[in-house]
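Subject: Structure for your review

Dear colleague,

Please find below the structure that I am handing over to you. My findings follow directly after it.

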Amino acid sequence: AVVSTQSTGSGFPDLTNLLNTFKESFDREDALKTGIILPLAGVNEAYDAALADVSRIEDTFNDLLRKYKKEMQCPMSFWGANKNRFTVEVPTGTKMPKSWEVQSQRKGFVRYFFPETPKLKVELAEAEIRKDEAVKDTMRVLFQRFSSHYDMWAKAVKRSAVLDVLLSLSQYSAAYDTCRPTLTNSSKPFVEIESGNHPTL
């Protein structure tokens, strides 16, 4: 690699740490499969906070399920998806507190909401909305991070362009008969070319 320390003020900038930062910002393979960029921890604070709230609320539901199973000494489990999430199935005939709301039933089972469920579901929905919005904002966050290192990227592009020209001239000179210029002392500047060929014409 063509790299020199930044203290010299010349050469190609060392982009190793900066590139690793972006590599560690999200799972590239997962993004290619799903088409969605999910930021890893520490990349998007809003996403991290919303994800933590979702996890906390889901843990609360699971804690309540364990608590009520122990108190009532009967089998119960969560059922449903979307609007019916965290509906609890209890065997028919089980005596339940009046504060539990009946939602639906099927043969052998009745489905309820915990007393705490409506409030928790509102909190969960709000957290999931914040999480979805943060996911959509991830690209802006990544581009902002990229832009904050503009000087480094600009230097890398400039050095790459110079290197590209030098390599092109080197390849050209190796493919054709070329010679080195002869320098002479003269009172007037001049360039004298004999049997010269233009590199592109």
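Which residues does T117 touch, not counting residues up to four places away in sequence? The model is a predicted one, and in it T117 touches F61 and F86. T117 is found in helix α4. Its relative accessibility is 0%, so T117 counts as buried, the cut-off being under 20%.

Helix α4 also takes part in a pairing with another helix. The axes of α3 (residues 45–72) and α4 come within 8 Å and cross at roughly 155°. Angles over 145 degrees count as roughly antiparallel, and α3 and α4 are therefore roughly antiparallel to each other. The crossing in which α3 passes α4 is left-handed. Sorted by class, the residues in the contact of α3 with α4 are 14 nonpolar, two polar and eight charged.

Within α3, I would draw your attention to Y47. With a relative accessibility of 7%, Y47 counts as buried, because this value is under 20%. When residues up to four places away in sequence are not counted, Y47 touches L38, P39, K131, A134 and V135.

The loop between α2 (28–34) and α3 contains G42. Leaving aside neighbours within four places in sequence, G42 is in contact with D48 and R145. G42 and M72 are 30 residues apart along the chain, and their C-alpha atoms are separated by 42 Å.

The remaining findings concern helix α5, which spans residues 138–147. Its buried residues are T138, V141 and L142. Seen down the axis of α5, these buried residues fall within an arc of 95°, so they line one face of the helix. An α-helix has 3.6 residues a turn, so residues three or four places apart point the same way. As for their surroundings, the buried residues of α5 pack against α1 (16–23) and α4 (117–136).

To summarise, α4 is in contact with α3, and the buried residues of α5 pack against α4 as well as α1.

Yours sincerely,
A colleague

Terms used: Residues numbered from 1 in each chain as written. Predicted model: local features only at pLDDT ≥ 70, side-chain atom pairs only at ≥ 80, totals over all residues. Heavy atoms only, no water. Buried < 20%, exposed > 50% of the residue type's maximum accessible area, 1.4 Å probe, protein only. Helix = DSSP H or I, 4+ residues; strand = E, 2+ residues; numbered from the N terminus. Arc of directions from axis to C-beta. Contact = heavy atoms within 4.5 Å. Axes fitted to C-alpha atoms, helices over the stretch in contact; angles between N-to-C directions. Parallel < 35°, antiparallel > 145°, perpendicular 65-115°, else oblique. Left-handed = near helix turned anticlockwise from the far one by under 90°. Nonpolar A, V, L, I, M, F, W, Y, C, P; charged D, E, K, R; others polar.
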